[in-house]
Amino acid sequence: MLQPTLHYGIHFILPLILALSFFKKNWKTAYFIMILGMLIDFDHLLANPVFDSNRCSIDFHPLHSYYAIVIYLLLTLPKKTRLIGLGLIIHIIADTVDCLMM
């Protein structure tokens with residue numbers, strides 16, 4: 001029960017904390033953009049089976065690859081793409097926690 005709670009807590013609570021702490025004026029927009037980082041899970045549709053509770057997403061799915069993660073980190077550098085990069089990195093952190101708890 002701890003694993004799903006932690007996973008979804010990272011997905012939804014961590015972006016909210018960051019949005020409220022660092023983007024106070026536009027926290028709703030910042031939160032929404034960071035939540036969009038979950039869209040990278042569409043790459044799970046390429047796997048067979050689509051969902052496997054015993055599979056680590058990191059470096060298995062294309063948008064969860066180490067190459068993609070480097071790009072996500074680079075997206076945090078320019079101000080215009082920072083929120084997108086943060087959302088993607090938060091997603092990767094949540095999935096990494098899952099992998100570590102397996």
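How much space lies in the largest pocket? In this predicted model, the volume of the largest pocket is about 450 Å³. Its lining comprises 20 residues, and those closest to the centre of the pocket are His7, Tyr8, Phe51, Ser57 and Asp98. Two elements, helix H1 (2–22) and H4, each give two or more residues to this lining. The largest share is that of H1, with five residues. Sorted by class, the lining of the largest pocket consists of eight nonpolar, seven polar and five charged residues.

The second largest pocket holds about 150 Å³ of space. Phe23, Ile33, Lys79, Lys80, Arg82, Leu83 and Ile84 line the second largest pocket. Here the largest share of the lining comes from H4, which supplies three residues. Four of the lining residues of the second largest pocket are nonpolar and three are charged, while none is polar.

One disulfide was found in a search of the whole structure. It is formed by Cys56 and Cys99, whose sulfur atoms are 1.9 Å apart. The link between Cys56 and Cys99 is right-handed, with 95 degrees about the S-S bond. Cys56 has a relative accessibility of 27% and so counts as partly exposed. Cys99, with a relative accessible area of 19%, falls under the 20% cut-off and is therefore buried.

Technical notes:
Residues are numbered from 1 along each chain as its sequence is written. This is a predicted model: local features need pLDDT of at least 70, side-chain atom pairs count only at pLDDT 80 or more; totals for chains, interfaces and linings use all residues. Side-chain values use heavy atoms; hydrogens and water are left out. A disulfide is a pair of cysteine sulfur atoms within 2.5 Å. Buried means under 20% relative accessible area, exposed over 50%, partly exposed in between (1.4 Å probe, protein chains only). On a 1 Å grid over the protein atoms alone, a cavity is a set of points where a 1.4 Å probe fits but cannot get out, and a pocket is an open set with protein on both sides within 12 Å along at least five of seven lines; lining residues have an atom within 4 Å of a point. Grid points are joined across faces, edges and corners, and a volume is the space filled by probe spheres set on the points. Helices (H or I, at least four residues) and strands (E, at least two) are DSSP runs, numbered from the N terminus. Ala, Val, Leu, Ile, Met, Phe, Trp, Tyr, Cys and Pro count as nonpolar, Asp, Glu, Lys and Arg as charged, and the others, Gly among them, as polar.
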